[in-house]
Amino acid sequence: MSKYIKDKENRLYEYRKELASLNNEIKHFEVTFHHTEKRGVRIVALLNNMYLLNEDGKKEFICYHTWANMISNVTKDVFKHINNGELKEGQQIKIRAKVKKYTNKKGQFNYGIEIKKIYW
């Protein structure tokens with residue numbers, strides 16, 4: 001399970017240690033969609049309650065939330081479903097994503113995902 005650790009300025013943040021073991025792997029997840037946000041030139045999605053979907057059909061809890069980059073065709077698909085009213089806050093979706101390590105503006109390193117495909 002994720003744990004909360006302190007950075008060098010003594011601020012707590014959720015460290016996603018389960019994602020660390022999956023770094024640079026492409027896996028299937030079940031997540032709860034929260035919202036999208038523009039960060040510079042890219043669009044990111046906030047996803048809650050992230051579960052890894054194992055090959056045997058079982059779900060394994062990974063973390064409470066994560067930020068997800070989206071490749072361009074996924075971004076277009078997400079906004080098409082939002083505008084049609086088919087994708088709403090709190091809706092569960094299944095995705096295929098690559099786990100990636102990143103460092104945020106505060107200098108905190110963590111793991112997030114890059115969405116490759118959303119299964120509607």
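Author: Rings of Phe, Tyr and Trp count as a pair if their centres lie within 6.5 Å. The model is predicted, and the structure holds 4 aromatic pairs by that criterion.

Reader: Why is the pair of tyrosine 15 and tyrosine 111 called edge-to-face?

Author: A pair of aromatic rings is described by the distance of the centres and the angle of the planes. The centres of tyrosine 15 and tyrosine 111 are 6.3 Å apart, which is within the 6.5 Å limit. Their planes stand at 65°, and planes over 60 degrees apart count as edge-to-face; therefore the pair of tyrosine 15 and tyrosine 111 is edge-to-face. The pair links distant parts of the chain, as tyrosine 15 belongs to strand β2 (residues 12-15) and tyrosine 111 to strand β7, 96 residues apart. Together with Phe109, Tyr15 and Tyr111 form one aromatic cluster.

Reader: Are tyrosine 15 and tyrosine 111 buried or exposed, and how do you know?

Author: Buried means under 20% relative accessible area. Tyrosine 15 has 14% relative accessibility, so tyrosine 15 counts as buried. Tyrosine 111 has a relative accessible area of 8%, so tyrosine 111 is buried too.

Reader: What makes asparagine 10 and asparagine 24 exposed?

Author: The cut-off for exposed is over 50%. Asparagine 10 has a relative accessible area of 53% and is therefore exposed; asparagine 24, at 51%, is therefore exposed as well. Asparagine 10 lies in the loop between β1 (3-6) and β2, and its phi is positive, about 70°, although asparagine 10 is not a glycine. Asparagine 24 lies in the loop between α1 (17-20) and β3; asparagine 24 is not a glycine either, yet has a positive phi of about 65°.

Reader: How do you know that arginine 39 lies over the face of tryptophan 67?

Author: The charged atom must be within 6 Å of the ring centre and within 35 degrees of the ring normal. Arginine 39 is at 4.2 Å from the ring centre of tryptophan 67 and lies over its face. Lysine 59 likewise lies over the face of tyrosine 51, at 4.9 Å from the ring centre.

Reader: Which strands close into a barrel, and in what order?

Author: The barrel has 5 strands in the order β3-β4-β5-β7-β6, with mixed pairing. Neighbouring strands of this sheet are turned by 45° against each other on average, direction ignored. Helix α2 (residues 72-83) packs on the sheet, touching β3, β4 (42-53), β5 (59-70) and β7 (109-119), and its direction makes about 70° with that of β7.

Reader: Which residues touch the most other members of the largest nonpolar core?

Author: Of its 25 residues, Leu19, Phe29, Leu47, Met50, Ile95, Ile113 and Ile115 do. The elements giving two or more residues to this core are β3, β4, β5, α2, β6 and β7. Leucine 47 touches residues including Val31, Phe33, Ile95, Ile113 and Ile115.

Methods:
Residues are numbered from 1 along each chain as its sequence is written. This is a predicted model: local features need pLDDT of at least 70, side-chain atom pairs count only at pLDDT 80 or more; totals for chains, interfaces and linings use all residues. Side-chain values use heavy atoms; hydrogens and water are left out. Two strands pair if DSSP finds at least two bridges between them. Helices (H or I, at least four residues) and strands (E, at least two) are DSSP runs, numbered from the N terminus. Axes are lines fitted to C-alpha atoms, for helices over the stretch in contact, and angles run from 0 to 180 degrees between N-to-C directions. Contact means heavy atoms within 4.5 Å. Rings of Phe, Tyr and Trp (its six-membered ring) pair if their centres lie within 6.5 Å; planes under 30 degrees apart count as stacked, over 60 as edge-to-face and the rest as tilted. Buried means under 20% relative accessible area, exposed over 50%, partly exposed in between (1.4 Å probe, protein chains only). A nonpolar core is a set of buried Ala, Val, Leu, Ile, Met, Phe, Trp, Tyr and Cys residues joined through side-chain atoms within 4.5 Å. Lists of a residue's contacts leave out its neighbours within four places in sequence.
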